[in-house]
Amino acid sequence: MYKNIIIGLSVVSLVNCNAQKETTKQTTTQQATIVNETPLKKEGKIIYFREGENKFLQEFQMNVTFKNIAEDSRCPEGTQCVWAGVAVANIELMSTTSRPMTLQFSTAEVKGKDYHKTQSFNGYTISLKEITPHPTAQNGTKSLAGLYKIGIEITKENN
């Protein structure tokens, strides 16, 4: 009798574990779909990064890493807000002649918070051109963690 109960509980546990794996797979597929549904513009010399991505840019002799989004208070799509909000990206920059330096780039100039769309690094001007995806009223920003993409433009400063 006890053996039957133990075997029955084991089977129920295994079925439950499999159901949890299926739910996780579906969630991952839905998140991947959200990423694919937000196309990035491809114009000019904009360089795109996914959250956590690191690239060595041979042309600029610079290593760039999109660390994360520090803040995303942008007004969700489908809602009306008093203020448009701002998104702030942490980007680590390192040239072949300098140590790593993390700079914050924002979608809007906010002097009171020292947020800038454009900053200088090692003789180059780096500008944040876009951050996607945009938060929605249904999902908010917490569901976007790890799914962000940015576009930056790097130009040589005039001396």
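This is a predicted model: local features need pLDDT of at least 70, side-chain atom pairs count only at pLDDT 80 or more; totals for chains, interfaces and linings use all residues.
Visitor: To which residue is cysteine 81 joined?

Guide: A disulfide is a covalent bond between the sulfur atoms of two cysteines. Here, cysteine 81 is joined to cysteine 75, with an S to S distance of 2.0 Å. The link between cysteine 75 and cysteine 81 is right-handed, with 80° about the S-S bond. A search of the whole structure finds one disulfide.

Visitor: How many bridges join the paired strands S1 and S8?

Guide: Five bridges join S1 to strand S8 (residues 149-156), in the antiparallel sense. Phenylalanine 49 stands opposite isoleucine 150 in S8. S7 and S8 are also antiparallel, and they pair over eight bridges. In that pairing, serine 127 stands opposite glutamate 153 in S8. S6 and S7 run antiparallel as well, with four bridges between them.

Visitor: What is found in the hairpin of S6 and S7?

Guide: Two residues lie between the strands of this hairpin, and asparagine 122 takes a positive phi near 55°. Phenylalanine 121 stands opposite tyrosine 124 in S7.

Visitor: Why is strand S7 described as largely enclosed by the rest of the structure?

Guide: The description rests on a count of buried residues. Strand S7 (residues 124-132) has nine residues, and seven of them are buried, so the strand is largely enclosed by the rest of the structure.

Visitor: What does the side chain of glutamine 119 reach?

Guide: In a regular strand the side chains alternate between the two faces of the sheet. Glutamine 119 is in strand S6 (residues 118-121). Its side chain reaches the backbone oxygen of glutamine 104 at 2.4 Å. Leaving aside residues up to four places away in sequence, glutamine 119 touches several residues, including Leu103, Phe105 and Ile126.

Visitor: How many salt bridges are counted?

Guide: A salt bridge pairs a side-chain nitrogen of Lys or Arg with a carboxyl oxygen of Asp or Glu within 4 Å. The count comes to three salt bridges. One of them joins lysine 67 to glutamate 92, with the closest N and O atoms 3.8 Å apart. This pair links distant parts of the chain, with lysine 67 in strand S3 (residues 62-72) and glutamate 92 in strand S4 (residues 87-95), 25 residues apart.

Visitor: Are arginine 74 and aspartate 72 buried or exposed?

Guide: Both arginine 74 and aspartate 72 are buried, and they form a salt bridge whose closest N and O atoms are 2.8 Å apart. Lysine 129 forms a salt bridge with glutamate 153, at 3.4 Å between the closest N and O atoms. Lysine 129 is partly exposed at 44% relative accessible area, and glutamate 153 is partly exposed at 24%.

How values were computed: Residues are numbered from 1 along each chain as its sequence is written. Side-chain values use heavy atoms; hydrogens and water are left out. A disulfide is a pair of cysteine sulfur atoms within 2.5 Å. A polar contact is a pair of N or O atoms within 3.5 Å; within protein, one must be able to donate a hydrogen and the other to accept it, and residues adjacent in sequence count only if both atoms are side-chain atoms. Contact means heavy atoms within 4.5 Å. Two strands pair if DSSP finds at least two bridges between them. Buried means under 20% relative accessible area, exposed over 50%, partly exposed in between (1.4 Å probe, protein chains only).
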